[in-house]
Amino acid sequence: MASTACFMIVSRNDIPIYEAEVGTALKKEDAAHQHQFILHAALDIVQDLAWTTSAMFLKAIDRFNDLVVSVYVTAGHTRLMLLHDSRNDDGIKSFFQEVHELYIKILLNPLYLPGSRITSSHFDTKVRALARKYL
Amino acid sequence: MIGAGKIKQYTNVLDKPLSKGKQEVSLSAFAFLFSELVQYNQTQVDNIAELERRLEDAGYAVGARVLELLCHRDKGNRRETRLLGILSFVHSTVWKVLFGKVADSLEKGTEHEDEYMISEKELLVNRFISIPKDMGTFNCGAFVAGIVRGVLDGAGFPAVVTAHFVPVEGQQRPRTTILIKFAEEVLQREARLG
């Protein structure tokens, strides 16, 4: 079953520090731009919603056609955003929690400047493996 | 044969599990490292204010990481959205993990609505430091002030944080107070959230 999914990590200052297309559907050229646009448009909603609850997983916060945006906000207000078309809430929550742990390990590196792009290829490999496992 | 033990070798730090945080570092090792940090910065700057700012920046980097790590490890992935919540998080959890005990006291400032103070009889980082008279009001607790600022800033509560010596009668060494002055937007948001 083909599924589209675009995953992005956006820092506190609204700058994307990591993005990956993790769906199993065929990739179309313009679809990637559209996915990024939809995720950016959802940032405003996340900002307001983040202050109303102390939970980290904010479920589905926005829709576009049949695509849904789900967001997970960390303690440092780094947003893990996923654009997808499935309804697998538990799988998505586990995916976010695992990526959160990976993100903390990257952050603990004293030479990593918080808010800068994540360039580690190992991180990329692991995120894609997690996406295949949970999504 | 070297390496014949049972320790599992991880190829990449991302594969290693996050530690449980029960590890302790010896105070003397830390004091030695901290004194070198201060001395190195002293050679790089011309005045006291610059030295204080550098120590604060060093602490800021620590604070940003401590916030994420502790919220994940000790608070079961719950964020702090209220002012009092984040202040008590700093006062107890952060202090306990960094210094082994909760801070001595947390007070609200009497003159201004946006000021809060965390006091400590003697900051751990200052225990083996004595300030020469010609350095005036310089306080190496600026490092700890930077840590607090990193935590607050990361959680979305921008503030100006400074460390001061407060003389106490009956005690030879003065008490240290970390003064936290929140930005205007924090108070407005607090009022809005009710």
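This is a predicted model: local features need pLDDT of at least 70, side-chain atom pairs count only at pLDDT 80 or more; totals for chains, interfaces and linings use all residues.
Let's begin with chain A and its sheet. Strands of a sheet pair through backbone hydrogen bonds, either parallel or antiparallel. In chain A, five strands form an open sheet with antiparallel pairing, and their order is β2-β1-β5-β4-β3. Find the two ends of that list in the structure: β2 and β3 (57–64) of chain A stand at the edges, and each has a single partner strand, so one side of each is left without a neighbour in the sheet. On average, neighbouring strands here are turned by 15 degrees against each other, direction ignored.

Helices come next. Helix α2 (residues 43–50) of chain A packs on the sheet and touches β1 (5–10), β3, β4 and β5 (79–84) of chain A, with its direction at about 150 degrees to that of β3(A). Another helix, α4(A), lies across β1 and β2 of chain A and runs at about 50 degrees to β2(A).

Which parts of chain A does the pair A:Glu19 and A:Arg117 tie together? The two side chains meet in a salt bridge, with 3.9 Å from N to O. A:Glu19 lies in strand β2 (residues 16–21) of chain A, whereas A:Arg117 lies in the loop between α3 and α4 of chain A, so the pair ties together parts that are 98 residues apart in sequence. Over all chains, the count comes to 14 salt bridges.

Now move across to chain B, which has five helices and four strands. Starting from the N terminus, its elements run α-α-α-β-β-α-β-β-α. The C-alpha trace of chain B spans about 65 × 45 × 35 Å along its principal axes. Its four strands form an open antiparallel sheet in the order β1-β2-β4-β3. At the edges stand β1 (105–108) and β3 (159–166) of chain B; each has a single partner strand, so one side of each is left without a neighbour in the sheet. From one strand to the next, the twist averages 20 degrees. β3(B) pairs with β4 (residues 175–182) of chain B in the antiparallel sense over eight bridges, and B:Ala163 has B:Ile178 in β4(B) as its bridge partner. Helix α4 (residues 142–154) of chain B lies across these two strands, β3 and β4, at about 155 degrees to β3(B).

Finally, let's see where the chains meet. Here 32 residues of chain A are in contact with 27 residues of chain B. Together the chains bury about 2,500 Å², 57% of it on carbon and sulfur atoms. A:Trp51, A:Ser54 and A:Lys105 supply 28% of the area that chain A buries against chain B, more than any other three residues.

The salt bridge from our opening joins the side chains of A:Lys126 and B:Asp15, at 2.5 Å from N to O. Between the chains there are also 17 residue pairs in polar contact. On the side of chain A that touches chain B, β4 (67–73), α3 (89–107) and α4 (121–134) each supply at least two residues. The largest share, eight residues, comes from α3(A). By type, the residues of this side divide into 18 nonpolar, 10 polar and four charged.

Methods. Residues are numbered from 1 along each chain as its sequence is written. Chains are lettered from A and ligands numbered from 1 in the order in which they are written. Side-chain values use heavy atoms; hydrogens and water are left out. Contact means heavy atoms within 4.5 Å. Buried area is the accessible area (1.4 Å probe) that two parts lose on being put together, summed over both. A salt bridge is a side-chain nitrogen of Lys or Arg within 4 Å of a carboxyl oxygen of Asp or Glu. A polar contact is a pair of N or O atoms within 3.5 Å; within protein, one must be able to donate a hydrogen and the other to accept it, and residues adjacent in sequence count only if both atoms are side-chain atoms. Ala, Val, Leu, Ile, Met, Phe, Trp, Tyr, Cys and Pro count as nonpolar, Asp, Glu, Lys and Arg as charged, and the others, Gly among them, as polar. Two strands pair if DSSP finds at least two bridges between them. Axes are lines fitted to C-alpha atoms, for helices over the stretch in contact, and angles run from 0 to 180 degrees between N-to-C directions.
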